[in-house]
Amino acid sequence: MSLTLDKPRSPRRPAARRSNLELYSWLFMRISGVALLVLVLGHLFIMNILDGGVHRINFGFVAGRWASPFWQFWDLSMLWLAQIHGGNGLRTVINDYARKDATRFWLKVLLYVSMVLIIALGSYVIFTFDPDITS
Amino acid sequence: MAGTTATERAGTSRGGGTLYRGDLGMWSWVAHRITGVLTFFFLFAHVLDTALVRVSPDAYDKVIETYKNPVVNLFEVGLVGAVLYHALNGIRVMLVDFWSKGPKYQRPMLWVILAIWVAVMIPGTYFMMVRTVTDLFGGS
């Protein structure tokens with residue numbers, strides 16, 4: 001009986017279950033990066049350069065700004081894109097430098113929890129902002 | 001060393017590909033990571049402080065008040081510098097990825113973005129610091 005085996009000693013590999021996740025995350029970094037160029041640099045320019053930065057910021061300033069749906073949408077987009085872009089970047093950094101599987105796992109848990117927390121809290125604040133809230 | 005081509009040690013890399021390793025391109029990548037991670041941590045704090053508008057105007061104003069000092073002002077300049085580098089180098093990374101001549105010009109493109117960075121940060125720092133500096137030393 002002649003049994004032809006190509007590589008008889010090679011370990012049997014599990015059925016290919018490749019996903020394109022890394023490709024999509026790579027693409028997402030570029031696309032969100034372009035959007036963030038406008039959103040973040042615009043935000044920094046307006047907040048830090050036009051009129052003297054943090055010195056004019058107070059509750060009234062925020063109220064005036066979020067009275068406009070345009071700025072609400074701007075800030076919401078910036079929040080989501082920056083969190084996912086930054087979270088994906090940190091995920092890559094963790095994958096590169098964490099040596100033990102357990103370290104990698106828990107760092108990523110911490111990362112994902114912080115991303116969900118910040119996105120949820122930020123979105124909640126933008127959507128439920130009340131300029132007439134009493135202190 | 002800056003300005004020299006990465007030296008290739010025989011047999012140390014597959015296909016002799018040393019486009020980045022040990023060269024300026026590698027350091028631009030290191031800086032890209034550091035500025036990205038710093039910005040992520042800043043963002044965490046920034047969303048939390050802004051969320052105080054949902055607590056009370058007073059709570060928000062009190063925290064913002066603590067930011068109105070020269071040290072925080074310096075941090076702001078640093079943050080803007082970090083984000084600006086990350087943004088400019090991000091453009092460069094996309095050109096390396098998507099432009100057919102990108103890899104060839106990755107090094108001159110680094111000098112270009114550093115020049116833009118300096119050209120923006122000089123007036124930027126001035127406008128960000130002018131209030132603090134006049135408050136500190138302006139007297140009247």
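This is a predicted model: local features need pLDDT of at least 70, side-chain atom pairs count only at pLDDT 80 or more; totals for chains, interfaces and linings use all residues.
A cavity, as the word is used here, is a set of grid points where a 1.4 Å probe fits but cannot get out.

## The enclosed space

The structure holds one cavity of 30 Å³ or more. The volume of the largest cavity is about 60 Å³. Which residues line the largest cavity? From chain A come A:Asn48, A:Gly52, A:Gly53, A:Val54 and A:His55, and from chain B come B:Asn73, B:Glu76, B:Phe127, B:Met128 and B:Arg131. Sorted by class, this lining has three nonpolar, five polar and two charged residues. Helices α3 and α4 of chain B each give at least two residues to the lining of the largest cavity, and α4(B) gives the most, with three residues.

Now for a space that is open. The second largest pocket has a volume of about 200 Å³. It is lined by 13 residues, and the closest to its centre are A:Leu41, A:Phe45, A:Ile49, B:Val80 and B:Val120.

Which helices supply at least two residues each to the lining of this pocket? They are α1 (21-49) of chain A, together with α3 (70-98) and α4 (106-137) of chain B. The largest share, six residues, comes from α4(B). By class, the lining of the second largest pocket has eleven nonpolar residues, two polar ones and no charged ones.

## The two chains

Let us step back to the chains themselves. Chain A has four helices and zero strands, and its elements run α-α-α-α from the N terminus on. Of the 135 residues in chain A, 39% are buried.

Chain B likewise holds four helices and zero strands, and reading along its sequence gives the pattern α-α-α-α. Buried residues account for 34% of the 140 residues in chain B.

## Two helices side by side

In general, two packed helices are described by the angle between their axes and the distance between the axes. In chain A, the axes of helix α3 (residues 69-97) and helix α4 (residues 101-128) come within 10 Å and cross at roughly 175°. Angles over 145 degrees count as roughly antiparallel, so α3(A) is roughly antiparallel to α4(A). The contact of α3(A) with α4(A) has 14 nonpolar, seven polar and four charged residues.

## Stretches listed in UniProt

An unreviewed UniProt entry lists residues 21-46 and 105-127 of chain A under "transmembrane region". For chain B, an unreviewed entry gives residues 30-51, 71-88 and 109-129 under the name "transmembrane region". The table shows what the model has at several of these stretches.

| Stretch | Helix | Strand | Distance between end C-alpha atoms |
|---|---|---|---|
| Residues 21-46 of chain A | 100% helix | 0% strand | 36 Å |
| Residues 105-127 of chain A | 100% helix | 0% strand | 33 Å |
| Residues 71-88 of chain B | 100% helix | 0% strand | 26 Å |
| Residues 109-129 of chain B | 100% helix | 0% strand | 29 Å |

## Two residues to look up

To finish, here are two single residues you can find in the structure above.

Begin with A:Arg91, which lies in helix α3 of chain A. Is A:Arg91 buried or exposed? Its relative accessible area is 10%, and buried means under 20%, so A:Arg91 is buried. Along the sequence, A:Arg91 and A:Ala102 are eleven residues apart, and their C-alpha atoms are 14 Å apart in space.

The other residue is B:Ile116, whose place is in helix α4 of chain B. B:Ile116 counts as partly exposed because its relative accessibility is 37%, and that class runs between the 20% limit for buried and the 50% limit for exposed.

Technical notes. Residues are numbered from 1 along each chain as its sequence is written. Chains are lettered from A and ligands numbered from 1 in the order in which they are written. Side-chain values use heavy atoms; hydrogens and water are left out. Axes are lines fitted to C-alpha atoms, for helices over the stretch in contact, and angles run from 0 to 180 degrees between N-to-C directions. Angles under 35 degrees count as roughly parallel, over 145 as roughly antiparallel, 65 to 115 as roughly perpendicular and the rest as oblique. Ala, Val, Leu, Ile, Met, Phe, Trp, Tyr, Cys and Pro count as nonpolar, Asp, Glu, Lys and Arg as charged, and the others, Gly among them, as polar. On a 1 Å grid over the protein atoms alone, a cavity is a set of points where a 1.4 Å probe fits but cannot get out, and a pocket is an open set with protein on both sides within 12 Å along at least five of seven lines; lining residues have an atom within 4 Å of a point. Grid points are joined across faces, edges and corners, and a volume is the space filled by probe spheres set on the points. UniProt positions are given in the numbering used here, feature names are shortened, and annotations may be inferred rather than shown by experiment. Buried means under 20% relative accessible area, exposed over 50%, partly exposed in between (1.4 Å probe, protein chains only).
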